[in-house]
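Please walk through this fold step by step. Start with the sheet and the helices, then turn to the nonpolar cores.

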Amino acid sequence: MVKCNFCERSAVYINPISKIAYCKKHFVEYFERKVRKTLRKYNMLREEERIVVATSGGKDSLSLLHILVRLARKNPKWKITAVLIDEGISGYREKTVENLVKYAEIHGVDYVIASFKDYIGMTLDEIVSESFKKNLPYMPCSYCGVFRRYVLNKVAHELKATVIATAHNMDDVVQTYLMNIISNSWERVSTLTPVRDSESGEFIRRIKPFYEIPEKESALYALLNNLVKPEFTQCPYVKYNIRSTIRKMLNELEDRYPGVKYGLLRSLQTVIPLLKDHLKGRDRYKCVVCGEFSSQKICRACLYKIQLGLVKTEEIRHVVDLAERDKNIAELLKLYKNNSTSD
Ligand code: SF4
Ligand code: ZN
C-alpha cells in the first residue's frame with residue numbers, strides 16, 4: 001500500500017511525473033489548487049460574471065461545475081447556470097442528463113437543457129440518418145460539434161452570459177491539436193487557447209479552466225466527489241471519430257514516456273502566437289443566414305442546415321438571391337455539396 005506524501009492515509013493517486021502520492025483529501029486539495037491557479041494565471045474570471053458552464057453530465061463537466069459552484073460561494077457576484085445540450089443520441093445522452101439533474105437539484109444550481117430537436121429541428125440520430133439518405137459526406141461528430149457550439153452560443157446569448165466555461169482538459173486540447181495538424185487546419189489550432197476573447201464583442205468569452213489538467217485527474221475528482229457513477233457509457237458514434245484512435249495512441253505514449261502530453265501542450269503554446277501573427281488580418285463575416293460571426297459568409301452550422309433541408313424556404317430564397325450576386329456565397333454552396341470536413 002502506497003502512503004500519501006502528506007499524511008498517514010493510503011494514496012488514491014500518484015502523479016506519474018512528480019511521483020507525489022495523494023490520499024483522497026490531499027488529492028482534492030491539490031486538484032482545486034491547480035484549477036484556481038489556472039483561473040488566475042490566464043485571468044479567466046472577473047469579479048462579476050454570468051457564467052454558463054457547458055455541462056454534458058459526464059465526469060469532466062460535472063467536476064468543472066462542482067469546483068466553480070464551490071468557488072462561487074466565495075465570489076457572490078458570480079452567477080452560474082449549467083447548460084446541457086441534448087443532441088438526441090438515444091441510449092446515451094439520457095444517462096448523463098440524469099447526472100446533471102441530480103447534481104443541480106442537490107446543490108441548488110440553475111440549469112437549462114437545450115435540445116438539437118428544438119434549436120436545429122432534428123435530433124442527432126435523425127440528422128445522421130438524413131445525411132446518410134442524402135449521401136452527404138460528413139461524419140456524425142462533425143454535425144455534433146458544429147451544432148453543439150451553435151446551440152450553446154444561442155443559449156448563452158439568451159441567458160446574457162458574460163463567459164462560457166467548458167471542461168476541455170489537457171488531453172482534449174492536445175488530441176484536438178494533433179487532429180488539426182493532420183487535417184492541416186492551422187486556423188483551428190490558433191483557437192486552442194485557454195481563453196478566447198473577442199475585443200469587438202463578436203462572441204462571448206470562452207474559458208477552459210482544465211486546460212492544464214490531465215483527464216485522469218478530472219475523472220478522479222468526479223469519482224471522489226461522487227459526481228458520477230463509476231460506470232462507462234460511450235457515445236455510439238465515437239467509432240467514426242479519429243479522436244478515439246488519437247486518444248488511445250497518446251495514452252499509450254504517455255504510459256511509456258510520462259510527460260508527452262505536457263510536451264505537446266507546450267508545443268501548442270509556442271506555435272499559437274506564431275500562427276496568430278500569420279493569420280492576422282483575415283476576413284471575418286456575419287453569417288448571411290443566422291448573423292453569427294464566422295470565417296465564411298455562411299457559417300458551417302447554416303451550411304449543414306441548408307443541406308439537411310432545415311432552413312426555411314424564404315431564408316433559402318434569400319441565400320440563393322445573394323449567391324447570384326456574390327461569387328463567394330455561390331462557391332460556398334457548391335463546395336459544401338462536394339466537400340468533406342470533420343470536427
Ligand atoms: Fe458527439 Fe461524436 Fe462526441 Fe458522440 S462522439 S457526443 S457524436 S462528438
Ligand atoms: Zn449561420
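Contact here means heavy atoms within 4.5 Å. The model is predicted. With that in hand, look at Leu68. Leu68 touches Leu39, Leu45, Val53, Ile80 and Ala165, leaving aside residues up to four places away in sequence.

The largest nonpolar core has 59 residues. Phe27, Leu45, Leu65, Leu68 and Leu268 have the most contacts inside this core. Helix H2 (residues 59-72) supplies the largest share of the core, eight residues. A second core of 45 residues is separate, and includes Val155, Cys235, Val289 and Leu303. In soluble globular proteins, nonpolar side chains tend to be buried together.

Now the sheet. Six strands form an open sheet in the order S5-S4-S3-S6-S8-S7, and the pairing is mixed.

Take one pair of strands. Strand S3 (residues 49-54) and strand S4 (residues 78-86) run parallel, joined by six bridges. Arg50 stands opposite Lys79 in S4.

Two helices lie across strands of this sheet, as the table shows.

| Helix | Lies across | Angle to S4 |
|---|---|---|
| H3 (residues 93-107) | S4 and S5 | about 160 degrees |
| H6 (residues 140-158) | S3, S4, S5, strand S6 (163-165) and strand S8 (205-207) | about 145 degrees |

Notes: Residues numbered from 1 in each chain as written. Chains lettered and ligands numbered in written order. Predicted model: local features only at pLDDT ≥ 70, side-chain atom pairs only at ≥ 80, totals over all residues. Heavy atoms only, no water. Pairing = 2+ DSSP bridges. Helix = DSSP H or I, 4+ residues; strand = E, 2+ residues; numbered from the N terminus. Axes fitted to C-alpha atoms, helices over the stretch in contact; angles between N-to-C directions. Core = buried A, V, L, I, M, F, W, Y, C linked by side-chain atoms within 4.5 Å. Buried < 20%, exposed > 50% of the residue type's maximum accessible area, 1.4 Å probe, protein only.
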